[in-house]
Amino acid sequence: TDNPPIVTAQAVGHATIFSGTASVDVLVLPADVSTGSLPAGTVIWSNPVAAEAIIPAVPSPDGVADVFGIEGDGTVHAIRSDGTTAWTAATGIPAVWMLEGDALADFQGGMVALRSDGIVSYDGITGQVKFVYPKPADVDLSLEGVHTDGTIFASTWSRSNDGVDTVSVIGIDAPQWSHQS
């Protein structure tokens, strides 16, 4: 009847609690842990996402993630500080590309990622695509970084028929996203 429920164990160690078809692994600690301190290395939460990469989010009022877990197929999971998944987005961007800097926290609670069609911004609350900056024709586009005000920095590279390379830096003013309460 306690809220939250208090479970008393016979001994220190791991236990699995079953309820119907669900189960949860529980770490039972000594009674003196009630002081609020946990032994070093104690797992305080986990998330079952099969992530190949974890990139830090930048928590803000416009986002719910503390980290982004990225699966091999590019599916992104926004994970809160309590271990729960806030949202999931299928980006279609392989995790290996995201590990090479093609996905970054946007300082607005969400993230931006480089796709073959341009730079995509994902909303920090819902994970939905906010906007796409289209890749200019006949150039290579790279995601370079994000400013704390949300400005996205990218670069383009192209080579003319006469062998002259042209490199440009682009500052993209990400549209502000408002949320209804």
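Predicted model: local features only at pLDDT ≥ 70, side-chain atom pairs only at ≥ 80, totals over all residues.
Residues are numbered from 1 along each chain as its sequence is written. Local features need pLDDT of at least 70 and side-chain atom pairs count only at pLDDT 80 or more, while totals for chains, interfaces and linings use all residues, and side-chain values use heavy atoms, leaving out hydrogens and water.

## Strand E5 and its burial

Because five of the five residues of strand E5 (residues 75–79) are buried, the strand is largely enclosed by the rest of the structure; buried here means under 20% relative accessible area, with a 1.4 Å probe and protein chains only. Thr 75, His 77 and Ile 79 point one way from E5, whereas Val 76 and Ala 78 point the other way.

## The neighbours of E5

Strands count as paired if DSSP finds at least two bridges between them. Strand E4 (residues 67–70) runs antiparallel to E5 and is joined to it by four bridges, with Ile 70 opposite Val 76 and Val 67 opposite Ile 79. The two strands form a hairpin with four residues between them, and Gly 74 in the turn has a positive phi of about 95 degrees.

Strand E6 (residues 85–90) pairs with E5 in the antiparallel sense over five bridges, and Thr 85 in E6 is the bridge partner of Ile 79. Five residues lie between the strands of the E5 and E6 hairpin, in which Gly 83 takes a positive phi near 90 degrees.

Definitions and conventions
Buried < 20%, exposed > 50% of the residue type's maximum accessible area, 1.4 Å probe, protein only.
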